[in-house]
Amino acid sequence: MKENKTYAITVKKLRELARTYPNNYELGKQIRQLISEIDDDWRIDQFNRNRAIEDQVSTIKEMEKRVEKIFND
């Protein structure tokens, strides 16, 4: 379900970016930023999978701190 929602949001966002940034350089820059955001969401989802609600994170920085703590304890 979430994959379909993410896909729909991504397609909508890509169309919006193509209209807003007709210049190829700016469009490429905005698309790379969007992909980075999607990748971050995916990484957070993977980290949170099979974790209790109280152990889940919502940002990359929070996740990185948690991973560092896990491996250094």
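Trainee: What percentage of the residues in the chain is buried?

Mentor: This is a predicted model. In it, buried residues account for 14% of the 73 residues in the chain.

Trainee: And how many helices and strands are there?

Mentor: The chain has three helices and zero strands. Along the sequence the pattern reads α-α-α. Helix α1 covers residues 2-20, while α2 spans 24-48 and α3 spans 60-72.

Trainee: What share of the contacts between residues at least 6 apart joins residues at least 24 apart?

Mentor: That share is 11%.

Trainee: Let us look inside. Which residues form the largest nonpolar core?

Mentor: It consists of five residues, namely I44, F47, V57, I60 and M63. Helices α2 and α3 are the elements that each give two or more residues to this core. As a general background, nonpolar side chains tend to be buried together in soluble globular proteins.

Trainee: Which residue lies over the face of F47?

Mentor: That is R51, at 3.9 Å from the ring centre. R51 belongs to the loop between α2 and α3, and its relative accessibility of 34% makes it partly exposed. Not counting residues up to four places away in sequence, R51 touches Q56 and I70.

Trainee: How many aromatic pairs does the structure hold?

Mentor: The number of aromatic pairs is zero.

Trainee: Changing topic, then. How many salt bridges does a search of the whole structure find?

Mentor: The search finds three. One of them joins K13 to E16, with the closest N and O atoms 3.6 Å apart.

Trainee: Where do K13 and E16 sit relative to one another?

Mentor: Both are in helix α1, and because they are three residues apart there, about one helical turn separates them. K13 is partly exposed at 31% relative accessibility, and E16 is likewise partly exposed at 37%.

Trainee: Which residue forms a salt bridge with R43?

Mentor: R43 pairs with E64, and their closest N and O atoms are 3.9 Å apart. This pair links distant parts of the chain, with R43 in helix α2 and E64 in helix α3, 21 residues apart. R43 has a relative accessible area of 34% and is partly exposed; E64, at 43%, also counts as partly exposed.

Trainee: And which residue forms a salt bridge with E62?

Mentor: The partner of E62 is R66, the closest N and O atoms being 3.8 Å apart. The two residues are four apart in helix α3, so they are separated by about one helical turn. E62 is partly exposed, with a relative accessible area of 28%.

Trainee: Is R66 buried, exposed or partly exposed?

Mentor: R66 is partly exposed, at a relative accessible area of 25%. For that class the value must lie between 20% and 50%.

Trainee: You listed R66 among the contacts of F47. How far apart are R66 and F47?

Mentor: They are 19 residues apart in sequence, and their C-alpha atoms are 9.9 Å apart in space. Besides F47, R66 is in contact with D55, Q56 and V57, again leaving aside neighbours within four places in sequence.

Trainee: One last point, about the backbone. Which residue has a positive phi although it is not a glycine?

Mentor: That residue is N50, with a phi of about 65 degrees. Most residues other than glycine have a negative phi.

Trainee: Where is N50 found, and is it buried or exposed?

Mentor: N50 is found in the loop between α2 and α3. With a relative accessible area of 78%, N50 is exposed. The loop between α2 and α3 also holds R51, the residue that lies over the face of F47.

Conventions: Residues are numbered from 1 along each chain as its sequence is written. This is a predicted model: local features need pLDDT of at least 70, side-chain atom pairs count only at pLDDT 80 or more; totals for chains, interfaces and linings use all residues. Side-chain values use heavy atoms; hydrogens and water are left out. Buried means under 20% relative accessible area, exposed over 50%, partly exposed in between (1.4 Å probe, protein chains only). Contact means heavy atoms within 4.5 Å. A nonpolar core is a set of buried Ala, Val, Leu, Ile, Met, Phe, Trp, Tyr and Cys residues joined through side-chain atoms within 4.5 Å. A salt bridge is a side-chain nitrogen of Lys or Arg within 4 Å of a carboxyl oxygen of Asp or Glu. Rings of Phe, Tyr and Trp (its six-membered ring) pair if their centres lie within 6.5 Å; planes under 30 degrees apart count as stacked, over 60 as edge-to-face and the rest as tilted. A charge sits over a ring if NZ of Lys or CZ of Arg is within 6 Å of the ring centre and within 35 degrees of the ring normal.
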